[in-house]
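Let's take a walk through this model together, beginning with a helix and ending at a ligand. Please keep the sequence and the 3D view open as you read.

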Amino acid sequence: MGRVTTEDLWYHYGRTRAARDRSVPACFHWTWSQDGGPGPEILGNLTGRVVGDLGSGTARHAAHLATHHSPARVVAVDASPAQQAMALDLFRHLTPRLRIVPSDAVAHLRSATGTYDVLYSVFGAADFTDPRELLPAAFAALRPGGRLVFSTLAHYLGGAPAQHDAVHADIPAKTPDGEAATMRRWVLQEHVWTKLLGEAGFTEIGTGIPFVDGGSRAASTLLVKAIRDGGTRTG
Ligand SMILES: C[S@@+](CC[C@H](N)C(=O)[O-])C[C@H]1O[C@@H](n2cnc3c(N)ncnc32)[C@H](O)[C@@H]1O
């Protein structure tokens with residue numbers, strides 16, 4: 001049984017890789033397995049664009065975009081002090097094209113009205129934040145014509161179906177010292193994401209399962225796209 005905690009439950013995530021691999025990734029993947037499926041073309045042409053990664057972890061995806069896609073800047077937002085520290089250690093040298101920002105995504109978006117051309121999340125804040133807060137905040141932070149893209153679980157790890165309503169599950173997590181805890185994760189059916197995005201004001205909402213990841217954890221990736229209408233398209 002997990003316990004309520006305010007400790008950083010993302011302390012361990014990506015730590016082993018961060019210790020042995022300091023490179024900017026040559027590729028950008030949306031999938032759980034990070035080895036196939038579509039790439040950054042889903043984000044449109046990023047040249048000169050202001051891009052935000054919501055729940056960026058060690059900022060590998062953001063570092064790739066900042067290095068290979070000529071944006072005005074990529075803002076990598078993460079609420080975890082541990083992830084922030086690893087991201088700075090790995091990719092601080094990419095400043096100012098990459099900005100690593102320690103913040104809750106909703107708070108950051110609410111302070112950035114009309115700032116972004118593109119917002120994205122790779123199993124990041126969109127999975128772990130109440131969508132009734134995150135999606136309206138993302139809508140407001142996008143410029144007219146901007147787009148939101150995120151990858152999330154199509155069903156729970158192991159195969160249990162996604163939720164029919166906008167409800168979270170408490171999933172197992174670990175404190176920095178290895179004690180069991182729980183955190184909230186939103187694993188929602190496609191029609192639920194579509195409804196929530198529509199309620200937040202988005203249009204041209206598209207979902208699809210471009211890639212079913214193999215392996216013992218039986219993860220499948222759901223890719224979700226939406227537009228903040230009313231301006232020139234980003235790409
Ligand atoms: C599974 S990790 C994915 C990290 C990264 N996107 C990647 O693919 O490696 C989830 C990340 O989302 C961050 N996160 C979750 N909810 C967040 C929120 N509301 N605001 C900012 N970061 C959040 C966590 O701190 C964690 O680093």
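The buried residues of helix 2 are R60, H61, A62, A63, H64, L65 and A66; buried means under 20% relative accessible area, with a 1.4 Å probe and protein chains only. Helices here are DSSP runs of H or I with at least four residues, strands are E runs of at least two, and both are numbered from the N terminus. This is a predicted model, in which local features need pLDDT of at least 70, side-chain atom pairs count only at pLDDT 80 or more, and totals for chains, interfaces and linings use all residues. Residues are numbered from 1 along each chain as its sequence is written, and side-chain values use heavy atoms, leaving out hydrogens and water.

Helix 2 is mostly covered, with 7 of its 9 residues buried. Among the elements that cover those buried residues are helix 1 (15-20), strand 1 (50-54) and helix 3, where contact means heavy atoms within 4.5 Å. After helix 2 comes S70, which has a positive phi near 50 degrees.

H64 sits in helix 2 (residues 60-68). Is H64 buried or exposed? H64 counts as buried because its relative accessibility is 3%. Leaving aside residues up to four places away in sequence, H64 touches V24, P25, A26, C27, F28, P40 and H69.

Next, the nonpolar cores. Such a core is a set of buried Ala, Val, Leu, Ile, Met, Phe, Trp, Tyr and Cys residues joined through side-chain atoms within 4.5 Å. The largest has 38 residues, and W30, L43, L65, V74, F91, L98 and Y120 touch the most other members. A second, separate core of 34 residues includes V50, V106, A137 and V224.

Now to the ligand. It is surrounded by 19 residues, the closest being G55, D78, A105, V122 and T129; a residue counts when one of its heavy atoms lies within 4 Å. The table gives polar contacts, which are pairs of N or O atoms within 3.5 Å.

| Residue and atom | Ligand atom | Distance |
|---|---|---|
| D78, polar side-chain atom | oxygen | 2.6 Å |
| D104, side-chain N or O atom | nitrogen | 2.9 Å |
| A105, polar backbone atom | nitrogen | 2.8 Å |

Taken alone the ligand exposes 590 Å², and the protein buries 91% of that, by the Shrake-Rupley method with a 1.4 Å probe.

Notes: Buried < 20%, exposed > 50% of the residue type's maximum accessible area, 1.4 Å probe, protein only. Polar contact = N/O pair within 3.5 Å; in protein donor to acceptor, adjacent residues only side chain to side chain.
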